[in-house]
Structure formats: C-alpha cells, structure tokens
Amino acid sequence: MVVCLTIYAVIITILLLLYVFFDVNYFLRILFTIGRGRLFGSKKKVDECTEIYGFCTTQDVDIFFRQMNNARYIRELDFARFHFYDRTGIYEEIVKVNGHVLQTASNIRYRRTISLLNAYKITTKIITWDETTLFIEQQFVTLSDNFVRAVILSKQSTIGVNVPEVMAKLTGKDVTYRPTPPPELEDWLKSIEKSSARLRKKD
C-alpha cells in the first residue's frame with residue numbers, strides 16, 4: 001500500500017513539474033491534431049484547402065469572459081498549419097532533405113469576434129511560393145453562420161529546402177509554375193521590406 005502511494009506521489013509530482021515547466025497541453029494538442037488527421041482524415045493535394053475544428057471555451061476567453069482572446073487565435077493557427085503540412089505531404093518532403101520551416105512573419109485581420117461557446121473551423125491553403133518561402137492564408141470561420149471572423153497571411157521561410165522543386169513534385173506541374181499572389185499579399189510583402197530597410201538603417 002505504501003509503495004503504491006509512493007508511486008502515485010512520484011507520478012503526480014512529475015506531471016505537476018511538466019505542467020509548470022512546459023506547455024503540456026500545446027504538445028498534446030499537436031499530437032491529437034496530427035493523429036486524428038492520420039486516423040480519420042484523408043490525404044490532400046497541396047493546392048487544396050484543409051480544415052480543422054475548434055470550440056471557444058472558458059480557457060480561450062479574454063478578460064471580459066465573452067470572446068476569444070487575441071493570443072488564442074495565434075495558438076490555434078499553429079495546429080492548423082501542422083495539420084496542413086502533414087495532410088498535404090509537405091512535411092514529409094521537408095524531412096527528406098533535412099530541411100526546416102520557420103514562421104518569419106504573419107498578418108492577422110480580425111473582422112468579428114468569436115464568442116464563448118462558439119464552434120469554428122480554421123481553413124488553411126497555400127496561395128503562392130518563391131525559391132525559399134511558402135505563403136499561406138488561413139481563416140477562422142464560425143460554423144453557425146459561415147462568417148469569416150479572421151483572415152491571416154503567413155510567411156513560412158525554409159532552410160535547406162528548394163521550394164519550387166518540392167512544389168513541382170507535389171503539384172505535378174513545372175518547376176517554374178507558381179500561383180499569382182493576391183494584391184493584399186504583394187502589399188503586405190512591400191510593407192515588410194520597407195520595415196526591414198528602416199531597421200537596417202538604424203543598425
């Protein structure tokens with residue numbers, strides 16, 4: 001009996017330490033999202049849109065306890081991107097060349113809040129790419145009214161990856177092919193370059 005209690009105490013202590021020093025729920029959610037996609041989802045073409053679903057709970061709300069806080073939007077986008085990379089085969093191709101992908105910029109526009117207890121989906125799709133970068137658009141869409149609550153542009157920079165070659169393999173198109181970027185992406189990239197130029201002058 002004493003041995004059992006000691007084992008339980010050790011386990012509880014380890015769990016508490018893990019939750020204190022690591023964001024355990026974050027890693028569990030990643031495993032759950034990818035695992036669920038592999039078990040119950042289907043493979044997607046790289047030019048298709050993927051979807052994951054969420055629900056605004058009391059852990060997501062802001063200080064007024066009525067709507068999702070801004071930080072939660074960003075967190076949820078991570079899970080949707082992991083799911084997208086896994087379902088489309090991009091992650092597998094990056095691993096083959098020992099490459100890495102990093103989020104180097106993002107732009108989020110909130111159109112309307114997501115209220116407590118509202119269900120939503122996050123859509124993810126690639127809108128274009130260049131030699132080293134993938135550009136992704138994501139949307140939060142509430143299920144009750146199909147309204148786009150937030151739109152996000154992400155700049156996913158790669159290390160050690162020839163993006164046109166990977167995309168040519170996954171799309172079956174020529175290595176020179178890439179979709180025409182939408183005007184808002186071009187404007188956003190120009191603003192990034194202006195910001196970089198200003199900071200370089202300061203440095």
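**Exercise 1. The chain as a whole**

Among contacts in the protein chain between residues at least 6 apart in sequence, what percentage join residues at least 24 apart? Describe also the make-up of the chain.

*Solution.* Begin with the terms: contact means heavy atoms within 4.5 Å, and among contacts between residues at least 6 apart in sequence, 71% join residues at least 24 apart. This is a predicted model, in which local features need pLDDT of at least 70 and side-chain atom pairs count only at pLDDT 80 or more, while totals for chains, interfaces and linings use all residues. Residues are numbered from 1 along each chain as its sequence is written, and side-chain values use heavy atoms, with hydrogens and water left out.

Next, take the secondary structure, where helices (H or I, at least four residues) and strands (E, at least two) are DSSP runs numbered from the N terminus. The protein chain has six helices and five strands, and along the sequence they follow the pattern α-α-β-α-α-β-β-β-β-α-α. Taken along the principal axes, the C-alpha atoms fill a box of roughly 70 × 45 × 40 Å.

Finally, consider burial: a residue is buried under 20% relative accessible area, exposed over 50% and partly exposed in between, using a 1.4 Å probe and protein chains only. By this rule, 36% of the 203 residues count as buried.

**Exercise 2. Two salt bridges**

Compare the surroundings of the pairs Lys125–Glu137 and Asp86–Arg38.

*Solution.* Side chains of opposite charge can pair when their charged atoms come close. A salt bridge is a side-chain nitrogen of Lys or Arg within 4 Å of a carboxyl oxygen of Asp or Glu, and the whole structure holds 13 of them.

For the pair of lysine 125 and glutamate 137, the closest N and O atoms are 3.7 Å apart. The pair links distant parts of the chain, since lysine 125 lies in strand E3 and glutamate 137 in strand E4, twelve residues apart. Glutamate 137 is also the bridge partner of lysine 125 between the strands. Lysine 125 is partly exposed at 34% relative accessibility, whereas glutamate 137 is buried at 11%.

For aspartate 86 and arginine 38, the N to O distance is 2.7 Å. Aspartate 86 belongs to helix H3 and arginine 38 to helix H2, so this pair ties together parts that are 48 residues apart in sequence. Aspartate 86 is buried, with 9% relative accessibility, and arginine 38 is exposed, with 52%.

**Exercise 3. A buried charge without a salt bridge**

Which side chain of opposite charge is nearest to aspartate 62, and what does aspartate 62 reach instead?

*Solution.* Lys and Arg count as positive and Asp and Glu as negative, while His and the chain ends are not counted. Aspartate 62 lies in the loop between strand E1 (50-55) and helix H3 (70-88). This residue is buried yet has no salt bridge, and arginine 66, the nearest side chain of opposite charge, is 6.0 Å away. The side chain of aspartate 62 does reach the backbone nitrogen of phenylalanine 64, at 3.0 Å. Apart from neighbours within four places in sequence, aspartate 62 is in contact with Gln67, Met68 and Asn69.

**Exercise 4. The largest nonpolar core**

Which residues of the largest nonpolar core touch the most other members?

*Solution.* A nonpolar core is a set of buried Ala, Val, Leu, Ile, Met, Phe, Trp, Tyr and Cys residues joined through side-chain atoms within 4.5 Å. Of the 16 residues in the largest one, Met68, Tyr73, Ile114, Tyr120, Ile122 and Phe140 touch the most other members. Helix H3 gives the largest share, four residues. A second, separate core of 13 residues includes Ile90, Trp129, Ile136 and Met167.

Notes
A polar contact is a pair of N or O atoms within 3.5 Å; within protein, one must be able to donate a hydrogen and the other to accept it, and residues adjacent in sequence count only if both atoms are side-chain atoms. Two strands pair if DSSP finds at least two bridges between them.
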